[in-house]
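Hi everyone, thanks for coming.

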Amino acid sequence: ELFRLVDRHGKGYCLGPTHEEAVTELVGAQSNLSYKQLPLRLYQVTRKFRDEPKPRFGLLRSREFYMKDMYTFDASAEAARPEGSRWGTHFIWVPSTPPSSTLSSTPRRTNPSWQKWVDFAANVETLNEEQTSCPKCGEKLSQTRGIEVGHTFYLGTKYSSVFNAVFYSPENKPQLAEMGCYGLGVTRILAASLQVLSTEDSIRWPSLIAPYQVCFIPPKRGSKEEEEGAAPLEQLYDNLTQVLPHFAGDLVLDDRTQLTIGKRLKDANKLGYPYVVVAGKRVCEDPPVFEVWNQNAGEVLFLTKEGVIELLSKVQIP
C-alpha cells in the first residue's frame with residue numbers, strides 16, 4: 001500500500017506510510033547515548049498516506065489519515081515488548097502476526113455490552129480452523145466484530161542495526177537498542193467511537209475525546225422559570241469551576257434562550273456532550289433541582305447543586 005508518485009522530471013517518490021526509519025536515524029545520530037538515558041520514547045502526531053485500493057467507511061479506511069506514533073528504544077528485548085495500555089472499557093487486545101514483526105497486537109473497539117476484559121482473543125485468520133474452544137478456560141469461542149484502532153509492534157533490532165542506533169552499556173560497550181512501536185489511529189478512533197457508542201438520534205462521545213463535557217441549558221426567555229432559574233444555574237457554574245477547576249474549559253452554555261429547552265436539548269444530543277444540565281420546572285423548588293442528562297448512560301437524573309457536582313467529580317477528562 002506504499003503510495004508511489006512520479007514528479008514532472010520522472011523521479012520516483014513515496015508518501016510516508018510510517019516513520020520507523022526517520023526516527024531510528026535520528027536516534028542513531030546521537031553519539032554517546034547511555035543506558036541511563038533509556039528507555040527513550042519518541043512520539044509524533046502526523047498525517048499518513050497509503051495507497052488504499054478501496055477507500056471506504058468514511059474515516060475508517062482512507063488514503064490519508066492522522067496517526068499518533070510512539071517509537072520506543074530500550075536496553076533489552078523484554079523491556080521493548082509492547083504491553084496493553086488504558087484504552088477504555090470496551091477495548092480488547094487481539095494478537096496478530098504481520099510479516100514485519102515477531103510480536104504485535106491490535107486494540108479493537110467492541111460492542112459496549114462487553115463489560116470486562118476477555119481472557120483470549122484472536123483474529124479469525126490466525127486461528128486454526130478446528131479450534132472452537134478457548135485455550136485458557138476451555139469454553140466455546142464466540143465471534144464478534146471489532147474495529148481496529150491501533151497497532152503495536154515489537155521491532156527488535158531490525159531498524160537499529162541498519163541505522164546504528166546504539167547505546168553504551170554499564171560496561172561502556174556499544175549495544176543495539178531494542179525497539180517497539182505503538183500506533184493510534186486518531187481519525188479512526190473518532191469514527192469507531194461514533195459507530196460503537198452513538199444511537200440513531202444522538203452522538204455519544206467518550207469523555208476523553210468529547211469537545212465539551214457539560215452543556216448548560218437555561219430556561220426559555222419569557223418563561224416563568226426564567227427569573228428564578230437563571231441565578232441557580234449561574235451559581236452552579238461558579239461552584240463547579242471552584243470545586244473542579246479542571247472543568248473550567250469544558251463547560252458550554254447554550255444561551256439561545258429564544259429557543260425552547262426541548263429544541264436546545266435535541267441540538268445537544270446531536271453534538272454529543274456527555275452531560276447536559278437543564279434548568280427546567282424543578283429549578284424553582286427549594287433547594288433548586290436540575291434535570292441532568294447523562295447521555296452515555298442514557299439516563300435522566302434530578303439532582304441538587306451538590307448532587308451535580310458529586311456526579312461530575314467522578315468524570316475523567318484530559
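**Around helix H6**

Let's start with what surrounds H6: its buried residues pack against strand E12 (214-217), H4, strand E14 (275-278), strand E15 (290-294) and strand E16 (299-303). Contact here means heavy atoms within 4.5 Å. Helices (H or I, at least four residues) and strands (E, at least two) are DSSP runs, numbered from the N terminus.

A quick word on the source: this is a predicted model, where local features need pLDDT of at least 70, side-chain atom pairs count only at pLDDT 80 or more, and totals for chains, interfaces and linings use all residues. Residues are numbered from 1 along each chain as its sequence is written, and side-chain values use heavy atoms, leaving out hydrogens and water.

Which residues of H6 are buried? They are Gly 307, Val 308, Ile 309, Leu 311 and Leu 312. Buried is under 20% relative accessible area, exposed over 50%, and partly exposed in between, with a 1.4 Å probe and protein chains only.

Now for the helix partner. The axes of H4 (residues 226-243) and H6 (residues 305-312) come within 10 Å and cross at roughly 40 degrees. Axes are lines fitted to C-alpha atoms, for helices over the stretch in contact, with angles from 0 to 180 degrees between N-to-C directions. From H4, the contact takes in Gln 235, Leu 236, Asn 239, Leu 240 and Val 243; H6 brings Lys 305, Val 308, Ile 309 and Leu 312.

Stepping back, the chain has six helices and 16 strands, and 39% of its 318 residues are buried. Of the contacts with a separation of 6 or more, 62% link residues 24 or more positions apart.
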